[in-house]
Amino acid sequence: MSACAVMIECDFQLQLDAYHDRELDAESRRRFEQHLKDCPTCPGELAAMQALSSRIEAATPDEIRPTTPSQSASHCERPDCSPR
Ligand SMILES: [Zn+2]
């Protein structure tokens, strides 16, 4: 049935976020970088993550319209609203 089920649940994928945000300590970083050489999935995930964030940083001001409707940004006034 699923002949192309090469999706590997990799434990290190949980650290991708932290690694990308440089929240890992030196030892964890080294182990993660070592793992990147062997893992078939993590490098791709990391590359996608980096491409996404760099695209956000390089977003041209033209695409971010300064016209902010006053009705927006009002959903977080509640103190119990904690965005993730
Ligand atoms: Zn991996």
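Good morning. Among the contacts in this chain between residues at least 6 apart in sequence, 52% join residues at least 24 apart.

Let me begin with the overall architecture. The chain has three helices and zero strands, and along the sequence the pattern reads α-α-α. As for burial, 1% of the 84 residues of the chain count as buried.

I turn next to helix H3, residues 42–57. From its first C-alpha to its last, H3 reaches 22 Å over 16 residues, close to the 22 Å expected at 1.5 Å a residue. How many of the 16 residues of H3 are buried? The count is one, and H3 is accordingly described as hardly covered.

The packing of H3 against helix H1, residues 13–20, is my next topic. The axes of these two helices come within 10 Å and cross at roughly 35°. The crossing of H1 and H3 is right-handed. Which residues make the contact? From H1 there are Gln13, Leu16 and His20; from H3 there are Cys42, Glu45, Leu46, Met49 and Gln50.

Glutamine 50, which is placed in helix H3, and histidine 20 are 30 residues apart in sequence, yet their C-alpha atoms are 7.4 Å apart in space. Is glutamine 50 buried or exposed? Glutamine 50 is exposed, because 11 other C-beta atoms lie within 10 Å, and a residue counts as exposed at 12 or fewer. Glutamine 50 thus takes part in the contact between H1 and H3 while being classed as exposed.

What is the backbone phi of arginine 22? The angle is positive, at about 60°, although arginine 22 is not a glycine. Arginine 22 counts as exposed because it has 7 C-beta neighbours inside 10 Å.

To summarise, we have a predicted model of a chain with three helices and zero strands, in which H1 and H3 form a right-handed crossing at roughly 35°. Thank you for your attention.

Conventions:
Residues are numbered from 1 along each chain as its sequence is written. This is a predicted model: local features need pLDDT of at least 70, side-chain atom pairs count only at pLDDT 80 or more; totals for chains, interfaces and linings use all residues. Axes are lines fitted to C-alpha atoms, for helices over the stretch in contact, and angles run from 0 to 180 degrees between N-to-C directions. Helices (H or I, at least four residues) and strands (E, at least two) are DSSP runs, numbered from the N terminus. A crossing is left-handed if the near helix is turned anticlockwise from the far one by less than a right angle, and right-handed if clockwise. Two residues are in contact if their C-beta atoms, placed from the backbone, lie within 7 Å. A residue is buried if 20 or more other C-beta atoms lie within 10 Å of its own, exposed if 12 or fewer, and partly exposed in between; C-beta atoms are placed from the backbone. The expected span of a helix is 1.5 Å times one less than its number of residues.
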